[in-house]
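Welcome, and thanks for taking a look at this one. Here is a short briefing on its disulfides and on one helix pair.

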Amino acid sequence: MAGERSSLTGGEAPAAPPRSSRRLQVVVGLGLGAAGAVAALRRGSPGATPPALASSAAAARPLYLPASAYGLATASAYETSLGIPIGDGLYEYENLVEMHQWTTLALSADVDLDASAWAGVHWSVPGTTGDEGPTPKGQTLTVKFDVAGVHAVVIRDSAFDAVQGTNLSAFTVTAKYVRRELRDLTAADRNAYFSALHTLYATSQDAGELRYGPDFKSAAWFVRMHLYGAAQRDCDHWHDDAGFLTHHVGVTMLMERSLQAVDASVCSHYWDYTIDAERAYGNATYVYTESELFDPDWFGPAVPHHPDHVVDEGRWAYTPVLADARAFSNITNPWGLLRSPWNTNPVPYLMRYNKVLGVYRADNFLPRCSEFQKLLLLGYNSVGKLFSELNGALHGSVHIMLGGSWDFDLATLKASGDYDDSDWRSDQMLLGSKFLWRQGLLDCPKECSNLVDPGDCTCSCGKRIPNSLNGSEHDARLFLEHSGVQTVITDAMVHKARDALGGYAAIVDALCHVGHPGEMFTSAAPQDPIFWPLHGLAERYVQLIRTWARNDTFTLVEDWDYDHTTGVLSDTQLVCDWSAVGDSLKLPECRTDTCEGHRENDTLPFEWPIAETTPGAQRYYTNAEFYELMAPWDRRVPYVYDKLETWPACQGANLVNNNAVTDSDPIPTRQPVYLGHEPTHSPTATLEPTPATPYPTHKPTHQAEGRFASQSDDAPGDDVQNAVAPADADDDDATRTNATTATDAAAPTPRPTRQPSVTPDPAAAARAMGREATPAALAAILEAYGLDGDEF
């Protein structure tokens, strides 16, 4: 990318004609599939008079008007009901029409024509379902397009079909899927979307391909792909750098193709969370978790009341996490579940929580419209700045607020939750755990299915640096300093964490324990179906800005870049090479660098994000090529967005209202706690594993130095369980220990293993849920999982 008109945008493009009422033009290579119509149109020049007609009758017939006198207007049922043209009319496509929606085509003329004249007009409209009949006539026509692409619509005078030159005019229409805000959909369209999405989660990869064809990808397939990008131990190949948007737009394209393999009428609709942010702002009676998005028939509760935070109500109740997943994925958790390696949670269902280390929402908020506007007003006019803000401030908080994190001792949770300071960032603890894990300063078990108590399956620090931690404040402070944690988040934040948790040793304790995060706050985020509508808002925002830049109403610098964020433990630019570690207890070689996957010419890891049959489609794309593909004027992309400038939550419902926000716009205040509803429904079936597809190998180089240099180059990995401390039945949420089990010092080798039971032992289950092991508590646990005593 170079300059404001880089190669990524395909260079300067000619100004596009307005969307409405354009005659068909012959363009070399356009491939309209209407050669006969084009030839007929060219033979009948505008205003040509068939010789068989008397001139006295000419004024009464539409045939005698020049072709340029006719116009075509289009409107889908959604455009009519919402009063908003597709994309606010900003897309360049000629006569843009919506796939699989009833669309009215209406003719006009430069002169008044009476009803009898229009009654003689015959339509030829390719690419439709054919419900309009074989010989549609009249001034208007209602059709439903079911073939994407550019089509030639021809009108002729039906009284003279046999006479050469009777074509009246022709127009191009461009049929695309329209991604809409979920709340704008009709009940029928929304149900079709959720039904197709649920099929991805309820169907295995093998079964789905057999039934729906090669475009089908299961939810587990997408979770695996996301894990291969975000849960590698060297670095995060999908987040916290310039490749964030291209990876997520690309994987959503693939998911949309999978949806359409199930139901061709649906597409990947989006969630405009600024609507919920604006509802909650300054409103003590509304909380984001009360959004329609979390109705039982939509995505289910944001804050489940299940003791393990399992989504247990509605359409997604007990959505399973793929078990015995080592035969399917090279990355799993210690229980063989398709989760992040550092997420030691054994419960095999989708989970959500609204607290992080005891802090409600971790003091995050849904991004408001004013935050999107503010970027433009503050001069964020480079893609590097946009990528950074979209990765973090404009979207990341949603993941944290819906995932949450728990599984810490009661004293830690209470201290963290009671600490009344908005500068205390409890979400940094989990990000810091991953930061330590990638450096080899924190290790997690490889295998926990042989444990009696799931609370004994926990991560820990110090295995590769013996005698580095003894529980003292002095050693803990040195650990925070030499590990880089203190450097990244600054002394001030470390002091906040010290005050919140009760000392430096408590910080290290929380970092090394990791805890149990909900799916959305992990590298397995696609396990939660609400992952999918989340990223459309970011793409829509970038489409608008690129459209402004193309029309010379906004200056956008499109050099490939990324503005790294300071003070965030996920954005460290640290790349660690584990290739020489093997099963030893050596530390990896780490350096400051750009993680593979984020450079301009790095190749994205997925194939055919748009159909192979699409002219110009590629099997693989570099970031630069995919950024070009993402352009809102690129004809290869099969979808558009319903709105670009219209943002309902903005003042005046328009993103370009420059009076809506200033640099001093206030930060939202704390929102009230959501109470929620009682759970219903029971578990659904689990998914079946299929063979794994490995992610490319990454090999950065640089040896770690200083206090954390490797102490033992040749020590074998500890593959057996060491002494385990007993769990404390009084702990809240779940128990924690400092026991060390088998580590993930090397990448796991795919191998079959038994599926861990949800609760291997009733008493252990009671302790893991923070309950006393009373008969009543055990009975409640059994009931929650739909089990009886014979299961144990």
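This is a predicted model: local features need pLDDT of at least 70, side-chain atom pairs count only at pLDDT 80 or more; totals for chains, interfaces and linings use all residues.

Residues are numbered from 1 along each chain as its sequence is written, and side-chain values use heavy atoms, with hydrogens and water left out.

**Disulfides overall**

- Taking a disulfide as a pair of cysteine sulfur atoms within 2.5 Å, the count comes to six.
- With bonded cysteines counted along the chain, the pattern reads 1-11, 2-12, 3-6, 4-5, 7-8, 9-10.

**Cys235 and Cys595**

- Cys235 is joined to Cys595 by a disulfide, S to S 2.1 Å.
- The torsion about this S-S bond is about 70°, so the disulfide is right-handed.
- Cys235 sits in the loop between helix 6 (219-230) and helix 7 (244-262), and Cys595 in the loop between strand 15 (589-592) and helix 18 (623-629), so the pair ties together parts that are 360 residues apart in sequence.
- Helices here are DSSP runs (H or I, at least four residues), as are strands (E, at least two), numbered from the N terminus.

**Cys461 and Cys512**

- The sulfur atoms of Cys461 and Cys512 are 2.0 Å apart and form a disulfide.
- Its S-S torsion is about -100°, so this disulfide is left-handed.
- Cys461 belongs to strand 12 (residues 460-461) and Cys512 to helix 16, so the link ties together parts that are 51 residues apart in sequence.
- Cys461 and Cys512 are both buried.

**Cys576 and Cys590**

- A disulfide also links Cys576 to Cys590, S to S 2.0 Å, and with 110° about the S-S bond it is right-handed.
- Cys576 lies in strand 14 (residues 574-577) and Cys590 in strand 15, so the pair ties together parts that are 14 residues apart in sequence.
- Cys576 is buried at a relative accessible area of 0%, and Cys590 counts as buried at 10% relative accessibility.

**Helix 13 against helix 16**

- The axes of helix 13 (residues 428-439) and helix 16 (residues 504-513) come within 8 Å and cross at roughly 70°.
- That makes helix 13 roughly perpendicular to helix 16 (65 to 115 degrees).
- Met429, Gly432, Ser433 and Leu436 in helix 13 meet Ile507, Ala510 and Leu511 in helix 16, where contact means heavy atoms within 4.5 Å.

Notes. Axes are lines fitted to C-alpha atoms, for helices over the stretch in contact, and angles run from 0 to 180 degrees between N-to-C directions. Angles under 35 degrees count as roughly parallel, over 145 as roughly antiparallel, 65 to 115 as roughly perpendicular and the rest as oblique. Buried means under 20% relative accessible area, exposed over 50%, partly exposed in between (1.4 Å probe, protein chains only).
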